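Subject: Structure for you to look at

Hello,

Please find the structure below. My notes on it follow.

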Amino acid sequence: MSLKLPVASASGSFRPSRNGSYHFRLRDDSGLANVDAVDLSSLWAMDADYLARIATFLGKSDDAVRLRDERDAMVARINERLWNEELGIYCSRPWTPITA
């Protein structure tokens, strides 16, 4: 089954999804498409990593540990939910199938 995302004709917004990764809520002519976004989730994990490094430098070890734990949890969710074995790449996933 091939999934196709609709072309955006208006705007969208980003926020955490039900499963912990980030999703893009796209408004288009057909309604709303909720997508767990691999790019946003990856950026979030990278941000948590860099913030943990900054916290370590500032001597905020509790914050650094928390941020590394959050990074690790996000990376695990990305690997678990957004890896597409058939294609051999990470893919954003719509919550419900979108057909053309």
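A search of the whole structure turns up one aromatic pair. W83 and Y90 form this pair, which is edge-to-face, with 4.9 Å centre to centre and 70 degrees between the planes. Rings of Phe, Tyr and Trp (its six-membered ring) pair if their centres lie within 6.5 Å; planes under 30 degrees apart are stacked, over 60 edge-to-face, and the rest tilted.

The model is predicted: local features need pLDDT of at least 70 and side-chain atom pairs count only at pLDDT 80 or more, while totals for chains, interfaces and linings use all residues. Residues are numbered from 1 along each chain as its sequence is written, and side-chain values use heavy atoms, with hydrogens and water left out.

W83 counts as partly exposed because its relative accessibility is 30%, and Y90 counts as partly exposed at 38%. Buried means under 20% relative accessible area, exposed over 50%, and partly exposed in between (1.4 Å probe, protein chains only).

Is N84 buried or exposed? N84 has 18% relative accessibility, so N84 counts as buried. This residue lies in strand 4 (residues 83–84); strands (E, at least two residues) and helices (H or I, at least four) are DSSP runs, numbered from the N terminus. Leaving aside residues up to four places away in sequence, N84 touches I89, C91 and R93, where contact means heavy atoms within 4.5 Å. The side chain of N84 also reaches the backbone nitrogen of L87 at 2.8 Å.

L51 has its place in helix 1 (residues 38–57). At 46% relative accessibility, L51 counts as partly exposed.

Regards

Methods: A polar contact is a pair of N or O atoms within 3.5 Å; within protein, one must be able to donate a hydrogen and the other to accept it, and residues adjacent in sequence count only if both atoms are side-chain atoms.
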